[in-house]
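Here is a short briefing to read beside the structure. It goes topic by topic, from the overall picture to single residues.

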Amino acid sequence: MARRLRRGLGESSTYLLLIVLAVLTFLPLLLMAEVGFKDNNQFFTNFWLPSAPYHLDNFTAAWGEIAPYLWNSIIVSGGSMVGVCVLSSFAGYAFARFRFPGKEALYYVVLAVMMVPSILILVPLLVEVKTLNLLDTRWALILPYVAAGQTLAIFIMRSFFAGLPEEMFEAARLDGAGEIRALFSIALPLVKPAVSTVAIMQLLSTWNDYVWPFVAIHSEDLRTLVTGIVEFQARHFINWGPLMAGYTLAALPLVILFLFTVRYFMEGLMAGALKV
Amino acid sequence: MALDTTRGSIMQGTGGRTMWGRGTPPSRLLLPYAFILPSVAILVAFMYFPAASALYHSFFDWDGATTPRFVGLGNFSEMAGDPVMQAAFVNVLKLVVFNVVIAMTVPLGVARIILNLRSRRIQYLFRVLFVVPLVIPQVVIILIWGFLYDPSSGPLNQILQAVGLGSLQPQWLGDPNLALYALMLVGFPFVDGFGLLIYTAGLQGISGEVLQAAAVDGAGGFRRFWHVELPLVVGQMRLMMVLNMIGTIQNFVFVLLLTNGGPGNATQVPGLALYWNAFQNGRVGYACAIGTVLFLIMLGLTYINLRFLRASADYDPGTD
C-alpha cells in the first residue's frame, strides 16, 4: 500500500516536471503566436494576455509577404529531395547488390564526405558556384544540397537494399527482368520506409538551412523561407504584432507536415544518428 | 575439381559471364558504375572540389577572383597573432563546453524520467512534444529569442519590471559581460529532441535481465540509473558529445543574427570571423585558412573519439 502510494507520488512528480519542461520549451513559441494577434497599442498596454480585437490581418498581411518565400523553399527542398532519393536509390542499389572491381574504394569515396564540414567548403563553394554562373539561381542551392545529402542517403538505402533476400532477385532474373526493372518494380517498393526516411532527413536539413542560401541568393524573388523571414524581420523591425505573425507562419509548414508524418519523422531522426 | 572446370566452361559458354556481375552479360558489367556515377560526380563537384580548394587556398593570399599569391604559412601565423581570432577561439571553447555538458545531461535525464511513466502512449506523446521544436527553423527560434532579449519590449525585461527590478534590466545582448551567456541560454530548457530519441533508444536497449539483477540487488531509482544504466549509455553520450562539438564549432547563425560578434568581439566565433573575412573583407585565402584550422580541429576530435570508442569496445563490461 505504502509502496503503491510512493510510486503514485513519484509518477505525479514526474508528470509535473515534464509538464514544466514542456511549458518552458513552448512558452516562447506560444508568446510568439499570441503577440501575432496584436497591434502595437495592444502590445504595449496589455503585454502578457491576449486581448480583443484579434488582428487576423497581421497574419493575412504576413502571408502575402511570406508565401513567395515558402514557394521557393518548396521548390528548392523538394527538388533536392527528389535528387537525393533518385541518386541514392541507384547508388545504394549498386553498392548493395552488385559485385564489381573498385566497389570498396568507391564506397569509401562516398563515406569519406562525412569528414568534410560545411564551414570548410562555404567560401570555395561560393567561388565555384559563381564561376559556373549558377550564383543567384535555384541550382546554386539544389546541387550542393543534393551533394551534401548523398552520403547518409546512400548509407541508408544500401543497408535496406542489402537486407532484401537474394532469391527474389534470382526469380526476377529468371523471368527475364533486367536490373533496372528489378530495382524499380521489386526493390524500391520494398524499401519505401527507407525512401521516406531519406526524404525527410533531406527536407529537414535543407528547409532550415540559413547560411548557404543567405550568401548564394540575392534576388528577393528567389529567397527561401528561412532567409526570407530574416528580410521580413528587417522590414517590420519592432512592429511586433505583424513580425510575430510572420514568424508564426514561417514556423508552421514543417510543424503541420510533422503532425501528419510523426512516425517517419521520428524514424528519420533516429537514422540521422548513424551519421557518425 | 572436374566439376569446377565444367562449371567454369559453362559460364564462358554463355557469353562471357564473369564472377563480377553475378552471372550477368558483359553489357551489364558497366551498370553498377553507371548507377554510382551520378552520385560520385556530384560529390566530387560540390563537396571534394571545394574542400580541396579550401585546403589549397589556405596557403594563398586570395580575394576569390584574381590570381592567388602564395604566402606559405602566412595566413596561419597571422591567425595566431590575430586578436579577433583569439577572442573567437576562447568564445567557441566556452560554447562547446557549455553545449556538450548540456547535451550529455538534460536530454538523458528527460529520456530517463519519461521512461518512468507507466503509460507507453503518454511516453510517446512527451517524446513527440519535445521533438516538435526540431522542425521549427532554427532561425525562427533565434529571432524569437532576439525578441525575448529585447531591452525595452522583451518579455524578460518586462518580467523584471513587473517584479520591481526595473533598475536591473540588462542589455542582454549589448553588455559585453553578458552577451555570450545570453547566447548560451537560447533554447532553454535545452530538451533537445534528437538527443532525447538517441538516449531513449539507448536506455530501451538495456536488457531486462540486467535491470532485474539490479532490482534483486536492491538498486532502484537513482542508484540504478547511476550504477547500472549510465555506464550502458556511454556510447550514446559520446555520440552526442561529438555531434555537439562539431555542430557548435561550425554554427555561427546564432551570433550572426543576434549580436554579429559584438559588442566588440565579446561574442566573436571562428565561423563568423571566417564569414566576415570572406564576404566583407574579401580575404578569401585567410577565410580558407580559418576553415582549414576548424577542419583539422574537428578531425582531431573525431579521431580521439574513435580511439576512445575502440578502447571501450575492447573492454567487456559484462565480465566484472
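Chain A has 13 helices and zero strands, while chain B has 15 helices and two strands. The contact between them takes 69 residues from chain A and 76 residues from chain B.

**Confidence**

- The average pLDDT of chain B is 85. A score of at least 70 is reached by 87% of its residues.
- Residues 1-21 of chain B stay under 50 in pLDDT. The model gives this stretch 13 contacts beyond four places in sequence.
- Residues 311-320 of chain B also stay under 50. Here the model has two contacts beyond four places in sequence.
- Where pLDDT is low, the predicted coordinates should not be read in detail.

**Chain A**

- From the N terminus on, the elements read α-α-α-α-α-α-α-α-α-α-α-α-α.
- Chain A is more spread out than a compact globule, because its radius of gyration is 24 Å, well over the 19 Å that the globule rule gives for 276 residues.
- Along the principal axes, the C-alpha atoms of chain A fill a box of roughly 75 × 75 × 35 Å.
- Of the 276 residues in chain A, 44% are buried.
- Among contacts in chain A with a separation of 6 or more, 79% are between residues 24 or more positions apart.

**Chain B**

- Buried residues make up 35% of the 320 residues of chain B.
- For contacts in chain B between residues at least 6 apart in sequence, 65% join residues at least 24 apart.
- Helix α10 (residues 208-216) of chain B lies largely in the open, because zero of its nine residues are buried.
- Just after α10(B), G218(B) has a positive phi of about 85°.

**Where the chains meet**

- Chain A brings 69 residues to the contact and chain B brings 76 residues. Helix α1 (residues 2-35) of chain A supplies the largest share of the chain A side, with eleven residues.
- The chain A side that touches chain B divides into 58 nonpolar, seven polar and four charged residues.
- On chain B, S39(B) sits in helix α2 (residues 31-57). S39(B) counts as buried because 28 C-beta neighbours lie inside 10 Å.
- What does S39(B) touch, not counting residues up to four places away in sequence? Its contacts are L87(A), S88(A), A91(A), V110(A), Q150(A) and I154(A).
- S39(B) and G154(B) are 115 residues apart along the chain, and their C-alpha atoms are separated by 48 Å.

**The nonpolar core**

- The largest nonpolar core has 160 residues. Which members touch the most other members? They are Y247(A) and V140(B).
- The helix that gives the most to this core is α6(A), with 16 residues.
- Y247(A) has contacts in both chains once neighbours within four places in sequence are left aside. They are M32(A) and I229(A), together with V140(B), L143(B) and I144(B).

**Backbone details**

- Most residues other than glycine have a negative phi, and most peptide bonds are trans. The next points list exceptions.
- F188(B) and P189(B) are joined by a cis peptide bond, with omega about 5°. P189(B) lies in the loop between α8 (179-185) and α9 (193-204) of chain B.
- F190(B) is in the loop between α8 and α9 of chain B. F190(B) is not a glycine, yet its phi is positive at about 65°.
- Is F190(B) buried or exposed? F190(B) is buried, because 20 other C-beta atoms lie within 10 Å and 20 or more is the cut-off.
- G262(B) and P263(B) are also joined by a cis peptide bond, with omega about -5°. P263(B) is in the loop between α13 (253-258) and α14 (270-280) of chain B.
- In chain A, D136(A) is a residue other than glycine with a positive phi, near 65°. D136(A) lies in the loop between α5 (118-131) and α6 (139-162).
- D136(A) is partly exposed, with 14 other C-beta atoms within 10 Å.

Note on methods
Residues numbered from 1 in each chain as written. Chains lettered and ligands numbered in written order. Predicted model: local features only at pLDDT ≥ 70, side-chain atom pairs only at ≥ 80, totals over all residues. Helix = DSSP H or I, 4+ residues; strand = E, 2+ residues; numbered from the N terminus. Rg over C-alpha atoms; globule rule 2.2 N^0.38 Å. Buried ≥ 20, exposed ≤ 12 C-beta atoms within 10 Å, placed from the backbone. Contact = placed C-beta atoms within 7 Å. pLDDT = per-residue confidence, 0-100. Nonpolar A, V, L, I, M, F, W, Y, C, P; charged D, E, K, R; others polar. Core = buried A, V, L, I, M, F, W, Y, C linked by C-beta atoms within 7 Å.
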